[in-house]
Amino acid sequence: ASHILFSVESGQTETEVKNQAESVLQRIKDGEDFASLAQEFGSDATKETGGDLGWFSKGEMVPEFEDALMILDVGELSSELVKTQFGFHLVEVTARSE
């Protein structure tokens, strides 16, 4: 999976961060490159790899994040923001292994 994390930093409100995340989600839906936008807007170390989280197993991520990924097909982008304790995420399933 890949994600773009929008975390709420000091001086920002949750609403401002959510609005920015929704704006970037729309840009991806309009055809902009997920990885490029992850590098530009991501607020964790995955921004360096275009949001790529690598392989992980069930139970390794927070439940809200995993639940959002489980309903998506490979190559599919979540149509909604995923809110976790870390902030707002845009998530995309890039591969799946059983």
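The model is predicted, so a local feature is only reported at pLDDT of at least 70 and a side-chain atom pair only at pLDDT 80 or more, while totals for chains, interfaces and linings use all residues. Residues are numbered from 1 along each chain as its sequence is written, and side-chain values use heavy atoms, with hydrogens and water left out.

**Overall layout**

The protein chain has 3 helices and 3 strands, where helices (H or I, at least four residues) and strands (E, at least two) are DSSP runs numbered from the N terminus. Reading from the N terminus, the order is β-α-α-α-β-β. The radius of gyration is 13 Å, close to the 13 Å that the globule rule gives for 98 residues, so the chain is as compact as a globular protein of that length. That radius is taken over C-alpha atoms, and the rule is 2.2 Å times the number of residues to the power 0.38. Along the principal axes, the C-alpha atoms fill a box of roughly 40 × 30 × 25 Å.

Of the 98 residues, 39% are buried; buried means under 20% relative accessible area, exposed over 50% and partly exposed in between, using a 1.4 Å probe and protein chains only. As for contacts (heavy atoms within 4.5 Å), 56% of those between residues at least 6 apart in sequence join residues at least 24 apart.

**The strands**

Start with β1 (residues 2–6): 5 of its 5 residues are buried, so the rest of the structure largely encloses this strand. Side chains in a regular strand alternate between the two faces of the sheet. Here both faces of β1 are covered, with Ser2, Ile4 and Phe6 buried on one side and His3 and Leu5 buried on the other.

β1 pairs with β3 (residues 87–92) in the antiparallel sense over 5 bridges; strands count as paired if DSSP finds at least two bridges between them. Within that pairing, Ile4 has Leu90 as its bridge partner, and His3 stands opposite Val91. β3 is largely enclosed too, because 6 of its 6 residues are buried.

β3 also pairs with β2, again antiparallel, over 3 bridges. The two form a hairpin with 2 residues between them, and Thr84 in this pairing sits opposite Gly87.

**Helix α2**

In α2 (residues 34–41), the buried residues include Phe34, Leu37, Ala38 and Phe41. They cover an arc of only 105 degrees around the axis, so they lie on the same side of α2; the arc is that of the directions from the helix axis to the C-beta atoms. Among the elements covering the buried residues of α2 are β1, α1 and β3.

**Salt bridges**

There are 2 salt bridges in the structure, each being a side-chain nitrogen of Lys or Arg within 4 Å of a carboxyl oxygen of Asp or Glu.

| Salt bridge | N to O distance |
|---|---|
| Glu14 and Lys83 | 3.6 Å |
| Arg27 and Glu32 | 2.9 Å |

Glu14 and Lys83 pair up at 3.6 Å. They tie together distant parts of the chain: Glu14 belongs to α1 (residues 14–29) and Lys83 to β2 (residues 82–84), 69 residues apart. Glu14 is partly exposed at 43% relative accessibility, and Lys83 is partly exposed at 45%.

In the other pair, Arg27 counts as partly exposed at 27% relative accessibility, and Glu32 is partly exposed with a relative accessible area of 36%.
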